[in-house]
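Reader: I would like to learn how to read individual features of a model such as this one, with the cut-offs stated as we go. Could you take me through it step by step?

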Amino acid sequence: MFTVTDRHNRYVQDLVKGDFKVIDDEKPVGVIRSFRRETDLPLQVGLLIDASNSIRDRFKFEQESAIEFLNDTIRRKYDQAFVIGFDEKPELTQDLTDNMEDLSKGVRMLRPGGGTALFDALYYASRDKLLKSAQSDSVRRAIILVSDGDDDASHVTREEAIEMALRADVIVYTISTNFPDGGDGDKVLQRIAEATGGRAFQPFKLSDVANAFTEIQEDLRSQYALSYHPPDFAKDGRYRTIEILANRRGLKVRSRSGYYAPTE
């Protein structure tokens, strides 16, 4: 899955297979086998909200923005979402469901707490909720991570969390709570988003949080998908890089940076 934007950051949705070339593990792909626009796939969305002390004062507004996002995004009997709050450990307050009432309750149950186990929360959500859900190519999996990016309590590393998200075929969008001045954690959030083909949002003020959720919703409905057979492919479990390039000038392609080959 990938998105394409122009110089003005507007989505470009009229491209065809011949407009792209793919580099897999630093080797050009000869033939793109299939290519399609994916504007209407069922979604499985994980909402991960930092409930640590670091963002206590803005917590209520973030909760309401998250509920509004789920209301606008999750379609009954088609999409599903789950809610996880995390401080020193992740807590699932609502499992995968299409019921908005239950999802709203799950968000409102979150209470600000202690330390921050961000990487553990991302790892758990990817492995236990999305990797283990019914696997299908016809579902888009995404995580929206609302946090300041600081982690002082995780058992897994940032790169282990990213690896698990890639294995679960998850796009991660991050919304920083370090406004207005930014913070050290913003670089962490950016790394997670870029590695998985998502976007890192850095609001300047509280109302920008709601705008970020709106942009994520649009992004999820503005994607392309393609398939190909990689050159020199082996089922060795190795990480392989991907680069998708647009042949037209002025276009920016955003995709995950790589994937893990399956094993025998």
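**A polar contact and its surroundings**

Author: The side chains of Asp40 and Arg75 are joined by a polar contact of 2.7 Å, where a polar contact is a pair of N or O atoms within 3.5 Å, and within protein one must be able to donate a hydrogen and the other to accept it, with residues adjacent in sequence counting only if both atoms are side-chain atoms. This is a predicted model, in which local features need pLDDT of at least 70 and side-chain atom pairs count only at pLDDT 80 or more, while totals for chains, interfaces and linings use all residues. Residues are numbered from 1 along each chain as its sequence is written, and side-chain values use heavy atoms, with hydrogens and water left out.

Reader: Where is Asp40 placed, and with which residues is Asp40 in contact, leaving aside its neighbours within four places in sequence?

Author: Helices (H or I, at least four residues) and strands (E, at least two) are DSSP runs, numbered from the N terminus. Asp40 is found in the loop between strand 4 (32-38) and strand 5 (43-50). Contact means heavy atoms within 4.5 Å, and once the neighbours within four places in sequence are set aside, Asp40 is in contact with Arg75 and Tyr78. Asp40 counts as partly exposed because its relative accessibility is 45%; the classes are buried under 20% relative accessible area, exposed over 50%, and partly exposed in between (1.4 Å probe, protein chains only).

Reader: Which strands does strand 5 join through bridges, and how many of its residues are buried?

Author: Two strands pair if DSSP finds at least two bridges between them. Seven bridges join strand 5 to strand 8 (residues 140-147), and these two run parallel; Val45 has Ala142 as its bridge partner there. Strand 5 is also joined by seven bridges to strand 6 (residues 80-86), again in parallel, with Gln44 opposite Gln80. Eight of the eight residues of strand 5 are buried: Leu43, Val45, Leu47 and Ile49 point one way, Gln44, Gly46, Leu48 and Asp50 point the other way, and all are buried.

Reader: How should I read a pair of aromatic rings, and how many aromatic pairs does a search of the whole structure find?

Author: A pair of aromatic rings is described by the distance of the centres and the angle of the planes. Rings of Phe, Tyr and Trp (its six-membered ring) pair if their centres lie within 6.5 Å, and planes under 30 degrees apart count as stacked, over 60 as edge-to-face and the rest as tilted. The search of the whole structure finds seven such pairs. For Phe69 and Phe213 the ring centres are 5.2 Å apart and the planes stand at 35°, so this pair is tilted. The pair links distant parts of the chain, with Phe69 in helix 1 (residues 59-73) and Phe213 in helix 6 (residues 207-220), 144 residues apart. Phe69 is buried, with a relative accessible area of 3%, and Phe213 counts as buried at 3% relative accessibility. Elsewhere, ring pairs link Phe2, Phe20, Phe35 and Tyr224 into a cluster.

Reader: What backbone geometry deserves a second look?

Author: Most residues other than glycine have a negative phi, and most peptide bonds are trans. Asn9, although not a glycine, has a positive phi of about 65°, and Asp25, also not a glycine, has a positive phi of about 55°. The peptide bond from Phe179 to Pro180 is cis, with omega near 5°, and Pro180 lies in the loop between strand 9 (170-176) and helix 5 (185-196).
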